[in-house]
Amino acid sequence: MQIAQNTVVSLEYTLTNDAGEVLDTSRDAEPLVYIHGQSQIISGLENALAGRATGDAFKIRLEARDAYGERDDDLMQTAQRAQFGGEDPVVGLQVRTDGPEGTQILTIVAVDGDDVTLDGNHPLAGVPLTFDVKVVGVRAATKQELSHGHAHGSGGHDH
Ligand code: ZN
């Protein structure tokens with residue numbers, strides 16, 4: 001079976017940057033499972049998977065715009081230490097905020113006295129990424145999976 005709209009795909013993958021550093025991998029873990037055609041994974045990888053079948057392995061390098069997007073300096077913001085409710089703001093810590101545009105994950109990138117600088121960009125924004133991928137399963141999604149918007153079973157939701 002080939003990967004097409006509304007198939008459930010299982011993938012083994014290793015993600016590296018241009019320096020060859022491994023940023024993420026499914027090695028020693030469950031394969032990644034997603035429903036194809038529903039923007040559940042980044043667009044550049046999803047497009048490269050269309051038409052592939054179980055056993056296919058390939059490597060693809062994606063520019064940042066096809067992966068987690070370019071960096072947007074407008075997503076940088078400053079806050080005051082007191083806004084952290086007694087928690088010590090530490091560089092690298094991620095905080096969750098609920099704003100008008102929904103939940104946002106911000107990363108603390110600098111702390112200068114009482115001034116805390118936060119970055120709302122995805123940690124991989126602006127980074128070209130190389131995916132080394134192997135397709136380990138393709139099957140049709142069930143009606144229930146499509147109505148829930150996620151895959152069930154091994155590697156998917158269990159409920
Ligand atoms: Zn479900």
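User: How far apart do the C-alpha centres of domain 1 and domain 2 lie?
Analyst: This is a predicted model, in which local features need pLDDT of at least 70, side-chain atom pairs count only at pLDDT 80 or more, and totals for chains, interfaces and linings use all residues. Residues are numbered from 1 along each chain as its sequence is written, and side-chain values use heavy atoms, with hydrogens and water left out. Domain 1 covers 7-68 + 124-148 and domain 2 covers 73-119, with bounds that come from an automatic or database domain assignment. The C-alpha centres of these two domains are separated by 30 Å.

User: Which protein residues are the donors of the zinc ion?
Analyst: Donors are N, O and S atoms within 2.8 Å of the metal (3.2 Å for Na, K and Ca), and because water is not among the atoms, sites may look incomplete. The donor residues follow the spacing H-x1-H-x1-H-x6-H in sequence. At 2.0 to 2.2 Å from the zinc ion, the protein donors are His148 (ND1), His150 (NE2), His152 (NE2) and His159 (NE2).

User: Is His152 buried or exposed?
Analyst: Buried means under 20% relative accessible area, exposed over 50%, and partly exposed in between, using a 1.4 Å probe and protein chains only. His148 has 35% relative accessibility and therefore counts as partly exposed. His152 has 16% relative accessibility, so this residue counts as buried.

User: What share of the 159 residues of the chain count as buried?
Analyst: The C-alpha trace of the chain spans about 60 × 40 × 30 Å along its principal axes. Among the 159 residues of this chain, the share that counts as buried is 35%.
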